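Reader: I'd like to go through this model with you before I set anything up. Could you take my questions one at a time?

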Amino acid sequence: MLRVGLTGGIGSGKSAVAARLAALGAVLIDADRIAREVVAPGTEGLAEIVAAFSDRVLDPAGALDRAALGELVFADPAARRRLEAITHPRVRARTAELVAAAPPDAVVVNDVPLLVEVGLAPTFHLVVVVRTAVPLRLARLERDRGMPRAEAQRRIAAQADDERRGAAADVLLSNDGTLAELHRAVDALWRDRLLPYEANVRQRRVARPERVELTGPDPTWPQQYARLAARIRHAVAPADLRVDHVGSTAVPGLATTDVIDIQLTVPTLAEADGPLAERLAEAGFPRVPGESWDSLRPPDRGRWPKRLHGNADPARPAYLHVREAGSPGWRYALLMRDHLRADPDGRSAYLGLKRELAAAAPDDGGHGTADDPWFDEEQLRAEEWAAGTGWRP
């Protein structure tokens, strides 16, 4: 099963994306519809809202008057928090029931307007954000919903802005064009990413990059790492385990292969072989079979034990190196990253080496660098730098 979070600002066209995904075969869970169900007449949710805000939030028929409630909470953060404390737990519980009822090979799309605002992004395998220019959103709200412009502006201002949503987005769908253009983008997403991703998660299969070549540097690599790291932290909770961005994409300005390396620190590798491995697989990071050692050059560095997981997302290659706290491989990954960040000459030499090896073996993309004697020399320079600066991992 693949869990996809879908969001977008009011008037962005998120509902059109949700409808298209449902037509393609997704199991759609509409958070707004659930939010209405849990406060329908006769429910405990409605009774609690009346107790908190009085019966002035009811219409003559005894149902919730959403406009009256909105007037109370939109401009009052404390009142909005009281309302959310009543509705959010009930929405989460009903959502969990619907997810549990979905087929094991389903792509479950949760349509959540406030996904970013309430911090739900790490709970999904993938977050899709529908983005539309604000003037176009205002025009649509006036035209399609009859909403006064001042009210539309107030609703837009109360939600997360495009920058905040963009930071949470694995996929940004632009809806500034026609409906046909939007449908083509959704169809391609379904065919090329969501279906293969679901199969990979279900079959515990790591997605490998189609081509391994030097690229970048990509200034969004840290942001992409942050989204993956948030999912990993959510998967291993309540354990509070250290997660680090390591490898070449963690060094600003360094061209490298477009594969993000992440290090998860565990107290012992025995814990990495227990339930933790299955939680990571469920979150979209299955174990890479047979990979239990760092492929570093003996006898200088020896064979350092670890456990290797990879991202199941076909559009975002990433490897998760699970290493024991304080182990040589754990320390080495952090030391080399920090030294290259601090040493422009080292970065330049490393980039030159990767380009040289990539030209000699294009299919490898410079990955053979771990066996090069340069790493032995660079480790000595890094150790001298660590001693001189007082560096600690």
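Predicted model: local features only at pLDDT ≥ 70, side-chain atom pairs only at ≥ 80, totals over all residues.

Reader: Where is the kink in α5 centred, and what is its angle?

Author: The kink is centred on glutamate 84 and comes to about 30°. As for the end-to-end length, the 25 residues of α5 (residues 77–101) should span 36 Å at 1.5 Å a residue, and the end C-alpha atoms are 35 Å apart, which agrees.

Reader: What does aspartate 76 do at the start of α5?

Author: A side-chain oxygen of aspartate 76 reaches towards the backbone nitrogen of alanine 78 there, coming to within 3.1 Å of that atom.

Reader: Let's move to the strands. Why is β3 described as largely enclosed by the rest of the structure?

Author: Strand β3 covers residues 107–111, and five of its five residues are buried, so the strand is largely enclosed by the rest of the structure. Val107, Val109 and Asp111 point one way from β3, while Val108 and Asn110 point the other way, and all of them are buried.

Reader: Which strands are joined to β3 by bridges, and do they run parallel or antiparallel?

Author: Strand β1 (residues 2–8) is joined to β3 by five bridges, and the two run parallel; strand β2 (residues 27–30) is joined to β3 by four bridges, again in a parallel arrangement. To give you a residue pair for each, valine 4 stands opposite valine 109 in β3, and valine 27 has valine 108 as its bridge partner in β3.

Reader: How many bridges pair β1 with β4?

Author: Five bridges pair β1 with β4, in the parallel sense, and leucine 6 has valine 128 in β4 as its bridge partner. Going on from there, β4 is joined by four bridges to strand β5 (residues 171–174), with the two running parallel, and valine 130 stands opposite leucine 173 in β5.

Reader: How many of the six residues of β4 are buried?

Author: Five of the six residues of β4 (residues 126–131) are buried, so this strand, too, is largely enclosed by the rest of the structure.

Reader: What does the side chain of threonine 265 make a polar contact with?

Author: The side chain of threonine 265 is joined to the side chain of tryptophan 330 by a polar contact of 2.8 Å. Once its neighbours within four places in sequence are left aside, threonine 265 is in contact with Leu241, Arg242, Asp244, Arg323, Ala325 and Trp330.

How values were computed: Residues numbered from 1 in each chain as written. Heavy atoms only, no water. Buried < 20%, exposed > 50% of the residue type's maximum accessible area, 1.4 Å probe, protein only. Pairing = 2+ DSSP bridges. Expected span 1.5 Å × (residues − 1). Bend = angle between axes of the 7 residues up to and from the residue. Polar contact = N/O pair within 3.5 Å; in protein donor to acceptor, adjacent residues only side chain to side chain. Contact = heavy atoms within 4.5 Å.
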